[in-house]
Amino acid sequence: MNELQSVSQIFQNKIFRIPDYQRGYAWRKEQLIDFWDDLMNLQIDRYHYTGLLSLKELNTEETKKWNEDKWLIDSGYKGYHIVDGQQRLTTISILLNEIICFINRLDENVEKNDEEIVIAYETLKEMKAKYIYKKQPPHNIITTYFFGYETDNPSFEYLRYKIFGQEFSKSIEETYYTKNLKYAKEFINKCLNDLYEIEGTSGIEDIYKKLTRNLMFNIHEIKDDYDVFVAFETMNNRGKQLTNLELLKNRLIYLTTIFDDNKLDENNKDALRGKINGAWKEIYYQLGKHKTTSLSDDEFLRAHWIMFYNYSRKKGDDYIKFLLNIFSTKNVYEKQTIPILEETFEEHEEIESEDETITINDNNQINKLEPTDIDKYVLSLNEVAKYWYYSFFPSESDFSEEEKQWLDKLNRIGIGYFRPLVTVALTQSPKTTEYQRTELFKQIERFIFMFFRMGTFQSSFKSSDYYRKTRELYNGTITIEDIIDDLRMTIYNDQNTVVGYFMTKIDKKFNNGEGFYSWKDLKYFLYEYEYSLSIKNKLTKINWEMFSKAENDKLSIEHILPKTATKWYWKNQFRKYTDEEVIILSNSLGNLLPLAQSINSSLQNDSFGDKKTSSSTGRRGYENGSHSEIEVSKELAWNVENIYARGIRLLSFMEERWGFKFYEEGQKSNLLHIDFIFDQRDEVDEIEFFEDVKKHKIDKPIRVKKEKIKKTDDEQIRIAYKIAKQVYEKSLDKAHGIELIIDSCNINEDYANMYIDGFAEMINGLEYNGVIDYKSAKYFLSKIKLDYGEEIYKKISSSYITNNMSIHDKLRDVFFECEVGEIFSRNEIIDMVSNMYMVNRSSIIPSDYCYNRTNKGIGIYKNDNLKLFEWLEEGKYKYLGENYNYKGEIISKPKSIKK
């Protein structure tokens, strides 16, 4: 049958199930937006061709396992597997259910039952019975949904209970695919809410009409398994690209139908197809069971091909061409020649490259394809899928803690082409010992760090060799010990080359003015050092998530000696060295410390004493940080000797941790690039002490004496804010930002630095300890509110101003820089204070702060004798400022008197 049908027609007397060997729901935001836009833009009197829907009608035998749902089949409904179109039909089913739920929740329908609520001339009861579910009479205990998954698919229960809302009392398994279902439900619900806000119930009704009546599908009913094969081949040929895993499964299913009966009878054909479907069910389950990360179909298939067949590698999909040549119709009937591609041996190169050189060896004659060949291949795929998953997520396995630890390290460092080998080692766990597997993982991690993280070897260095060993290990022709020995020997033979490459790489980084700070694997290295200290101290204080997560509090690399050393402490401590030498020192390995980014921002240019000591205001110092921070905090001062000694210590740790030796005396010292500290230099007198700008308590965060800071005009404040914002958002580096503020605003370096630090502290919600003038701070707060929103502003305000700050202090700060003689109305005074500090308006009584008024009923002088204004007339005040020598008449106003 091949005809156009609407959704309303498609759902007539049909039950749809997604077979368990298909992948789960894969649509995300982009596809959902396209679907919704198509629906919104469709005119109510026009039809829209939505695509092909391929369905395979199921026979009685195939629906036997439907258990509770079989009653609806017995009553005249037909069961179908969805071969093509499951993503669209899933989305349509979710949208239909959400429309029903949305209409049901409307205020006007709360007291109505499903028979009383009508949309597009259909009651909610009729809509549910047509598109969502039916209950088995007479008891209505069994509920059968018209659309869903096979019962043993992980998405079966999630769709029924979490998406369609059937009551349940047990935990539901979540996977990457169920997360997509949840997202689709939330996305659709938001779209319906937005539509209702604009168009009301009529908008929802129009969407329902267009969905059920105007979307047209081309229906292709498939009769048997052979036609399933043809359908998939047609899908691939018409440009609807299948994944290689989908394409191969389809090919294997088809091949089971063409073997002669004397080679594979009907019972065995069914059994083999069952194994294929079962294997693909397991594969899709493993690839999609993680809640946040879906593993690649094709990456898994290629890795298994490396394990199972003669290795070849070339850019593109040559491996699937190889597999489809193996599993071909022609090969069922006769021998054929399959070209086996073999890679030439790669020499390592200094620059990483993805280019691969392939040569074609003698063609390989293979025997005719037998059913047992398919059976063996499918069983292998089924077996390996679980261990492939564990190679990514070892914490979910039952392997030993040490194995999990080293698998985690491999994933952190970037396991690269070793994942197939690791998977084979895990797959063979019953045949190998925990020690053997752990030692293999250690040597692989060592190999990766030295050749690819220290050295600049080509990323495919020795890949063909270890791919071949992967297959040999899987087949049992070599042992894990053989591979371990080979890894050790390779490292031993090439370690001097690795060290030479590493030194050249670091030389280039110092020549570029970046030093160790720009070594992309510095975080991994410092994490491993931190981990070694935690083992030594028997307590872990820092974990990899802090090193890698993308939130604002992710780990950053702290320069203990700042890159821009403006404070007296640093200028005096390193007064012997030029600015260029200070930059080299700051980027040397021993000066770099892993630190949470928010802490890094709060320390910035502070002296070493301030950095290592926690402050009374709550800012954490090194002494209360990670093991690496605590180690540094034990130093009395921070100078060139400390930087050198710590750098040598870290490089010695590198030697010990990864099992190699720098091959020449002095190489470690050369790597640090600070040998100039050993030069004989004339003594330099101490720099005359200049006091750093004093920090104020949090209850006076933005007020300083006027003579301390040169008053800036509005344009200068605006420029300073713009530059500080660019530095915070990393579109401008801090040193350049300071220079721009100095040049543009005509202020000194310390105050330019304070603008940038002040912005960062405000936006991060930290206690603001900087000192910028009130006018600038007020502008910064108001602009942050506009640029970053109310929530960020509230976070800033709550940390910037303490709750115990009195009304008097807030009033004093608001009018700190007003001109004497300015006239304000009562409402203006209240607005200024409440807007700045979000104070309750009724708490602000301007007359309480007048020189010429007293309020005997309130007694405001108990804690503060603040006077700022002269009362002129009802609702009008003149600003005089604090400590004004007022000599006029004072009017006493008892509380009981209104006028």
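Q: Before we start, when does a charge count as sitting over a ring?
A: A charge sits over a ring if NZ of Lys or CZ of Arg is within 6 Å of the ring centre and within 35 degrees of the ring normal. This is a predicted model, and that applies to everything below.

Q: OK, what lies over the face of W406?
A: K409 does, at 5.3 Å from the ring centre.

Q: And which ring does the charged end of R17 sit over?
A: The ring of W66, with the charged end of R17 5.3 Å from its centre.

Q: Zooming out, how many helices and strands are there in the chain?
A: The chain has 35 helices and 21 strands.

Q: How much of the chain counts as buried?
A: Of its 899 residues, 53%.

Q: What share of the contacts with a separation of 6 or more comes from residues 24 or more positions apart?
A: Such pairs account for 72% of those contacts in the chain.

Q: Which residues touch the most other members in the largest nonpolar core?
A: W280, L323, F327, F525 and M654, out of 132 residues in that core. Helix 19, residues 480–511, supplies the largest share, with 12 residues. Apart from this core lies another one of 65 residues, including I119, I172, L195 and I204.

Q: Back to F525, what does it touch?
A: Leaving aside residues up to four places away in sequence, F525 touches F449, W519, L589, L650, F653, M654 and W658.

Q: Different spot. Where is S588?
A: S588 is in the loop between helix 23 (579–586) and strand 16 (592–596).

Q: Buried or exposed?
A: S588 has 0% relative accessibility, so it counts as buried; the cut-off for buried is under 20%.

Q: What does S588 touch?
A: F510, F516, I643, L672 and I674, again not counting residues up to four places away in sequence. F510 is 78 residues from S588 along the chain, and their C-alpha atoms are separated by 8.8 Å.

Q: Now aromatics. How many aromatic pairs are there in the whole structure?
A: A search finds 72. One of them is F451 with F457, whose ring centres are 4.8 Å apart and whose planes are at 80°, so this pair is edge-to-face. Both residues are buried.

Q: How are F608 and W638 arranged?
A: They are stacked, with 5.6 Å centre to centre and 25° between the planes. F608 lies in helix 25 (residues 608–612) and W638 in the loop between helix 26 (627–633) and helix 27 (640–658), so the pair ties together parts 30 residues apart in sequence. Both F608 and W638 are buried.

Q: Which residues form one aromatic cluster with F451 and F457?
A: The cluster also takes in Y417, F418, F447, F452, F461, Y466, Y467 and Y501.

Q: What about helix 17, how far does it reach?
A: Helix 17, residues 434–454, reaches 28 Å from its first C-alpha to its last, close to the 30 Å expected at 1.5 Å a residue.

Q: How many of its residues are buried?
A: Helix 17 is mostly covered, with 18 of its 21 residues buried.

Q: Last one, strands. How do strand 19 and strand 20 pair?
A: Strand 19 (residues 869–873) and strand 20 (residues 876–879) pair in the antiparallel sense, over four bridges. They form a hairpin with two residues between them.

Q: What is the bridge partner of E873?
A: K876, in strand 20.

Q: And which residue in the turn has a positive phi?
A: G875, at about 80°.

Definitions and conventions
Residues numbered from 1 in each chain as written. Predicted model: local features only at pLDDT ≥ 70, side-chain atom pairs only at ≥ 80, totals over all residues. Heavy atoms only, no water. Core = buried A, V, L, I, M, F, W, Y, C linked by side-chain atoms within 4.5 Å. Buried < 20%, exposed > 50% of the residue type's maximum accessible area, 1.4 Å probe, protein only. Contact = heavy atoms within 4.5 Å. Expected span 1.5 Å × (residues − 1). Pairing = 2+ DSSP bridges. Phe/Tyr/Trp six-rings, centres within 6.5 Å; stacked < 30°, edge-to-face > 60°.
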